[in-house]
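Dear colleague,

Please find the structure below, handed over for your own work. The findings follow directly after it.

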Amino acid sequence: MTTIINRYLTLDEFLKLPETKPVREYINGEIITKPMPKGKHSRLQLRLCNSINDITENKKIAYAFPELRCSFGVRSVVPDIAVLKWSNIPFTAEGEVPNDFFIPPDWTIEILSPEQNSTRVIDNILYCLNHGCLLGWLIDPEDRSILVFRPQQQPELFRGDQPLPILAEINLQLTVNQIFAWLKMIG
């Protein structure tokens, strides 16, 4: 279950608070605790990050970060996976990845947990798209579907062997069935 803390803080005040587990997001002046990931969620998150990074990291195309806090506009959100194009990663002067990201991801991926409010998750995806994100996925393990969001377009529901839209720079082909097949680990 998602917990909402109705203590009004500014975004700057929220960002000064210590990180917690489970992670909290700052949305419209409210602090919202995300549910702890469970088995299916963790498995899909890891396999999807690895699939993206196996293709993009060495070629410096993009990088998929699990549970990366992205603070921009008036929100601080933590997508299950935040994919940033390499050119958009704000590397430090030493060429290292920074701790803090004050930009939206180029591709935001959320994996719906059974106790999560889908409207709240969709709201975060739409917020990212309204601030420059190019692609959003809402993966629903129970329904075995993926709802895809793009700027200025109606969402599309993908099922079965439909190929999924990916950022143009990433040479990766995935179908909904391929993603959900990752859940099966024996037999």
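Glu67 lies in the loop between β4 and β5 (70-72), where helices (H or I, at least four residues) and strands (E, at least two) are DSSP runs, numbered from the N terminus. Its phi is near 50°, a positive value in a residue other than glycine. Glu67 is partly exposed, with a relative accessible area of 30%; on this scale, buried means under 20% relative accessible area, exposed over 50%, and partly exposed in between (1.4 Å probe, protein chains only).

Please note that this is a predicted model, in which local features need pLDDT of at least 70 and side-chain atom pairs count only at pLDDT 80 or more, while totals for chains, interfaces and linings use all residues. Residues are numbered from 1 along each chain as its sequence is written, and side-chain values use heavy atoms, with hydrogens and water left out.

Two further backbone features deserve mention. Lys60, although not a glycine, has a positive phi of about 55°. This residue is placed in the loop between α2 and β4 (62-66), and Lys60 is exposed, with a relative accessible area of 53%.

I turn now to the salt bridges. With a salt bridge taken as a side-chain nitrogen of Lys or Arg within 4 Å of a carboxyl oxygen of Asp or Glu, the count comes to nine.

One of them pairs Asp80 with Lys34, with the closest N and O atoms 3.2 Å apart. This pair links distant parts of the chain, 46 residues apart: Asp80 is in the loop between β6 (75-77) and β7 (81-85), and Lys34 in the loop between β3 (30-33) and α2 (39-56). Both Asp80 and Lys34 are buried.

A salt bridge also forms between the side chains of Glu115 and Lys38 (3.7 Å, N to O). Here the partners are 77 residues apart, with Glu115 in the loop between β8 (107-111) and α3 (118-130) and Lys38 in the loop between β3 and α2. Glu115 is partly exposed, at a relative accessible area of 26%.

Glu142 and Lys40 likewise meet through their side chains (3.9 Å, N to O). They are 102 residues apart, Glu142 in the loop between β9 (135-140) and β10 (145-149) and Lys40 in helix α2. Glu142 is exposed, with a relative accessible area of 57%, whereas Lys40 is partly exposed, at 40%. Finally, salt bridges that share partners join Lys34, Asp80 and Glu110 into one network.

With kind regards
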